[in-house]
Structure formats: structure tokens, C-alpha cells
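Dear colleague,

I am handing over the structure below, followed by an account of what was found in it. Please have it open beside this message as you read.

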Amino acid sequence: MTFSFRAYVAQSFATCKPIGTAPMTSSMVQSRSHKKSGPSQRQLKVGEVIRRTLSEILARDEIHDPELNRISITVSEVTTSPDLQIATVYIMPLGGKLYEESIAALARNKGQIRSIVGRKAGLKFAPDLRFRIDETFDRIDSTRALFEREEVRRDLGPDPEVEDAADTGSQSD
């Protein structure tokens with residue numbers, strides 16, 4: 001049997017896989033997927049910068065709209081899209097009233113607000129702002145009311161803190 005370099009090279013190339021065609025493992029597939037459990041650090045950071053900047057703008061009445069300036073608005077949260085092109089601003093008018101008026105006034109001045117936010121926040125691109133009423137407090141109240149219902153309290157069972165206090169109180173006597 002004679003050794004042929006040409007046959008050896010041909011056989012080597014026939015059995016080798018080109019670079020980049022290694023089989024993908026399940027962990028590689030998961031890390032490359034675009035489904036994430038929550039916002040990225042960049043989204044959170046940009047959202048917080050926009051929230052602070054927008055709060056300052058509204059507090060200092062930098063928008064030249066008397067109707068908007070007469071309403072005291074709290075900016076509770078800002079969420080951004082993954083590409084940072086859209087920012088959803090969750091607001092709550094002070095006193096919990098004037099929801100529609102607040103959203104309408106902010107929407108009417110959206111261009112001016114976007115320009116000021118982009119300039120003051122130091123963002124390369126100012127995202128499109130979308131204003132929504134923050135309903136978190138309403139959900140908290142309804143959840144609290146749900147837990148106060150008798151049938152829910154019965155299903156949850158006795159409160160362990162109350163039992164612990166009762167047990168320690170009876171032992172000290």
C-alpha cells in the first residue's frame with residue numbers, strides 16, 4: 001500500500017466540515033434567541049433618564065402651554081422599546097383627576113417635549129413619546145380589596161404572624 005499525499009488531502013477535506021457549520025447545542029440556540037424575560041439594562045437606563053428629565057421639565061414649567069402648566073403631573077415610569085425608538089410614559093395627575101386633560105395636553109405638546117428631552121438627556125435620538133395613565137395604584141387598591149374579602153381570607157388560612165404573636169404572648173404568661 002503506497003501513501004499518496006493527494007489522496008490523503010482529498011480524504012481530509014471530504015471529512016472536514018467548513019468553519020461555522022458546527023452543530024448548535026440547545027444552550028447556543030437559547031442564547032441566540034431574541035425572546036428575553038424583560039427589558040435590557042440599556043432600556044432600563046434610558047427609561048430612567050427620560051423619566052427624570054421629563055419630571056424636571058414638567059416641574060419647571062418649561063413647556064409653553066398654560067393648560068399643561070396648571071396640572072401637576074407625576075411621571076411614575078418610562079418603558080422603552082428594544083430599539084429605543086418608542087418610549088411609553090406612565091403618568092398620574094396629582095389628586096388622581098384630570099386624566100383625559102393631562103394626556104391631551106401632553107400629546108398636544110409632544111414635539112416640544114421630545115425635543116427638550118432629547119437635548120437635556122443627551123440622547124443621540126429622542127424616542128417617540130407615548131403617554132398613558134399609570135393604573136398601578138388602581139390595581140393595588142383592587143388587590144387589597146380582594147384580600148379583604150371574607151372568602152379569600154378563609155382560603156388563605158390564618159396569618160402566620162398573628163399566630164406567632166399569639167403563641168409568644170401565651171408562653172410569656
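**Strands and their pairing**

Strand β2 is largely enclosed by the rest of the structure, because six of its eight residues are buried. Please keep in mind, here and throughout, that this is a predicted model.

On the pairing of the strands, β1 and β2 run antiparallel and are joined by seven bridges, and within that pairing isoleucine 73 has proline 93 in β2 as its bridge partner. The pairing of β2 with β3 is in the parallel sense, over six bridges, and here the bridge partner of isoleucine 86 is aspartate 128 in β3.

The hairpin of β1 and β2 has five residues between the strands, and in this hairpin leucine 84 takes a positive phi near 60 degrees. Serine 81 also belongs to the loop between β1 and β2. Is serine 81 buried or exposed? With a relative accessible area of 16%, serine 81 is buried, since the cut-off for that class is under 20%. When residues up to four places away in sequence are not counted, serine 81 touches Gln43 and Ile86.

**Helix α5**

Helix α5 spans residues 99-108, and its buried residues are Ser102, Ala105 and Leu106. Seen down the axis of α5, these buried residues fall within an arc of 95 degrees, so they line one face of the helix. As for what covers them, the list includes the helices α3 (41-59), α4 (66-69) and α6 (110-121), together with the strands β1 (73-80), β2 (86-93) and β3 (128-133).

**Salt bridges**

Side chains of opposite charge can pair when their charged atoms come close. A search of the whole structure finds eight salt bridges, and the following paragraphs take up some of them.

Arginine 108 forms a salt bridge with aspartate 65, with the closest N and O atoms 3.1 Å apart. Because arginine 108 lies in helix α5 and aspartate 65 in the loop between α3 and α4, the pair ties together parts that are 43 residues apart in sequence.

Lysine 110 counts as partly exposed at 28% relative accessibility, and aspartate 128 counts as partly exposed at 22%. Aspartate 128 is the residue already named above as the bridge partner of isoleucine 86.

A further salt bridge brings together the side chains of glutamate 151 and arginine 149, at 2.6 Å from N to O. Here glutamate 151 counts as partly exposed at 32% relative accessibility, and arginine 149 is partly exposed, with a relative accessible area of 41%.

With kind regards

Methods: Residues are numbered from 1 along each chain as its sequence is written. This is a predicted model: local features need pLDDT of at least 70, side-chain atom pairs count only at pLDDT 80 or more; totals for chains, interfaces and linings use all residues. Side-chain values use heavy atoms; hydrogens and water are left out. Buried means under 20% relative accessible area, exposed over 50%, partly exposed in between (1.4 Å probe, protein chains only). Helices (H or I, at least four residues) and strands (E, at least two) are DSSP runs, numbered from the N terminus. The arc is that of the directions from the helix axis to the C-beta atoms. Contact means heavy atoms within 4.5 Å. A salt bridge is a side-chain nitrogen of Lys or Arg within 4 Å of a carboxyl oxygen of Asp or Glu. Two strands pair if DSSP finds at least two bridges between them.
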